[in-house]
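Visitor: I have a structure on screen and some questions about how its parts pack. Can we go through it?

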Amino acid sequence: MPPVLPGTLPSLTEGEVIRQACRIGVGDCEGNCWDIKVQSCVRDGESYYVYLLPPTPGCPEAYCAGTEVSCPAGQSSENYGFTPGCTANFPKITTNPQLTNSTMGQPLEVVMLCDFDRPPWDNLTMEVNWVAGNEIFHQTSLYNGEQQAVLRQTELRQGMGKTITCQVRGRFKGGGAPGATEVSNGFFVGIKILTEIVELDENGDEKYIQLQPTLPLLCRFPESIIPCTMSVQVEFKDVDYSADRKCQGNTVPDVQSSQNCVRDFTTDDWNGILEFPVKATRDFQIDGRSDGLRYLKVGFRPLSSVIAPLWDGYQVEDVDVLTKNEDIGGTVCSSTGDPHYRTFDGKRFHVYRPGTFVLYRHRALPIEVQTRMKMCHAGNVACNCGVAIRSGNEVFIVNKCSGSRNTFQWHTGNIVQYELPLGVRVDHHGPVGEDTRLYIANGGGQYLVYFPTGSWMKIDVRGYYLNIYIYASTDDFMDKTEGLCGTFDGDKENDGLHKGTTATDTIADGAVITYTAFVNSWKLQEGRTLVEGLLPPAPLPLDERLYCTCKDDPGIGQTVVCDSTLAYNCRWKDEVGQAGVNPVADRQHARKRRSTSYNDEVYDDDMFAFDFDDSPPIVPPPSWPAPNGMTEAEARAYCEDAVLNSPAGALCSAAMADSSDMEGTVEGCVADIQATGDTSWAEVAVTTMEESCSDILYKNTTFWTFNNETNNGTTNGTLAAPSFFFETVSMSQQL
């Protein structure tokens, strides 16, 4: 029913005024009014009115403009109760129409039924208008006392994807005006979107886009001949509020699905709720707007089916997806040099003692890194000599702890002492997936390990010791980590959490904490290490599902890209894309623990033997001057020069200006020189700075390069990862 404007129109001197528009007619909408704005204007001597009309609330209807007025009380007309043609000759009846769906015919088809009340008069014609989106798309006239109008499937297709109503009125067969029009309940015919906005955190759980068909799936042929199914195809659409991000030539996706981009639903599925799982990509980037949000839409290709004609060509509406960034730059846990520790949250300390320690453990997933330390450099400091890494049922071991062995030379008859080479081993303790990836670089001088969460680590082999760097993902954030790397939650003051308790040591920045309760709690006893084959149970298994991105390419159609990991780590992709980086070959021949087929000639256990005599060494506290005679001021000047004037120094000083990492790197270098008198430790300080710097550069897209790419005459802005990092920063690591 069209709204009317009761009351008077404003005069020219009143200016803009508020008046009310009120709907007329019967039913649930009767009597509702709302405010509009009206102003009297004059132009070129002509008077007119300007109306500011908001959308009509509640019921599907429209504003009507004209000079006609409402019929007098007790009269009606063809013009919905407006002049001209007002008459009292019309049926005064109440119909109470109700709209439902059903099936009928052979073969079965979906129909809509409009049931209504009417008096048993044989001189009455009932007129039913089928309305979708305020437009009449079909009309039915009933002459023989019927109380039900049927909208067949062929006509129903015209209203698909909209809310339809049936509007019923009566008129006398002998003439006169129609009676009042009554409107049924609205019925959406199509597929409802139950989740119009899906909000995803980058460290959050999987959520579902939920759809609900309101009409059944009926097919032309029996199931015994052709299965009655419907395929629904998903596509992820970017929202052009910001530039696309490119990594290794590929666009970085915002969300992914644990199922393929095409899902087939049976008739039983169709009667329930259709679900499409989505999860935010762990993209390792501080991106989005200032509030860390990125927007995109999940769309659907038009349905296509020759055996289910009602749904053929149906277009499901888009769903808005909101992803929230959870990445933090510079979140690298490291154990380097003699060794210096840096937690994920940035707490720095030193530990000088032998033993095997938990460096990093995920609290829910079977991911863990254990390090082995032994005394080195004349016995006054400790060094990382081995590392064991668990991911699910797989354990990767790098060991330089075994030292030397005596062997008898038959050709000379002498006992000769020789240094055991670096030992590298992969153990399988059960089924393993493809999400853990192991790489070797720099001719065996470096090892890279990638976890299914997107976290990864780098092991630098420096002669007799190892430098270890672990890069956290958003799946590590908010109290999901423990060990010497701390509790990754943005608060470095609680990083001294003890194993298995809530007790926490307060750690001063740069302190030596060798025999504190915190360090003692994370020390492992003999028989409790990964190297010896002990795998503690984990609350949850690793996520080994296949995640897919779904893109619609105008040139080649829909592109489905499935990777075996949810994370999209551009830094990792650039690392393993460098020349000389290759998968660890021995992984495919990994031995199974406790296997009778194990061959000692393939794996020399001497290379993995640990001396578990971890009795505390007598190490005097370091003092100045250093063993090489340098004063503290001289050592600090040397370290500052080495760090700041390195190839990456200027770049990283700017990138790390808001953190304490530059100062902490220099302090670690000074502590090394004080303890050992060896200035070569400055190289370790530079490398540690570069690792923290690279994490900031890759995560913060403000450091990315903006490119204008032209494709078919259209220019699109894209952000490319800072490849200059490997040209400037990593070059010094390879010298």
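Guide: Start with Tyr 439, which stands opposite Pro 583 in β43. Bear in mind that this is a predicted model.

Visitor: Which strand is joined to β43, and how many bridges are there?

Guide: Strand β34 (residues 437-441) is joined to β43 by two bridges, and the strands run antiparallel.

Visitor: What sheet are β34 and β43 in?

Guide: An open sheet of nine strands with mixed pairing, in the order β39-β26-β25-β24-β37-β36-β35-β34-β43.

Visitor: Which strands stand at the edges?

Guide: β39 (511-512) and β43 (582-583). Each has a single partner strand, so one side of each has no neighbour in the sheet.

Visitor: Which strands does α7 touch?

Guide: Helix α7 (residues 661-676) packs on the sheet against β25 (340-342) and β26 (348-350). The direction of α7 makes about 10 degrees with that of β26.

Visitor: And α8, what does that touch?

Guide: α8 also packs on the sheet, touching β24 (332-336), β25, β36 (456-462) and β37 (465-471). Its direction makes about 15 degrees with that of β37.

Visitor: Switching to helix pairs: how do α5 and α8 cross?

Guide: The axes of α5 (residues 632-644) and α8 (residues 681-699) come within 9 Å and cross at roughly 45 degrees. The two helices are therefore oblique to each other. The crossing is right-handed.

Visitor: Which residues make the contact?

Guide: From α5, Tyr 638, Ala 642 and Val 643; from α8, Ala 682, Ala 685, Val 686 and Met 689.

Methods: Residues are numbered from 1 along each chain as its sequence is written. This is a predicted model: local features need pLDDT of at least 70, side-chain atom pairs count only at pLDDT 80 or more; totals for chains, interfaces and linings use all residues. Side-chain values use heavy atoms; hydrogens and water are left out. Axes are lines fitted to C-alpha atoms, for helices over the stretch in contact, and angles run from 0 to 180 degrees between N-to-C directions. Helices (H or I, at least four residues) and strands (E, at least two) are DSSP runs, numbered from the N terminus. Angles under 35 degrees count as roughly parallel, over 145 as roughly antiparallel, 65 to 115 as roughly perpendicular and the rest as oblique. A crossing is left-handed if the near helix is turned anticlockwise from the far one by less than a right angle, and right-handed if clockwise. Contact means heavy atoms within 4.5 Å. Two strands pair if DSSP finds at least two bridges between them.
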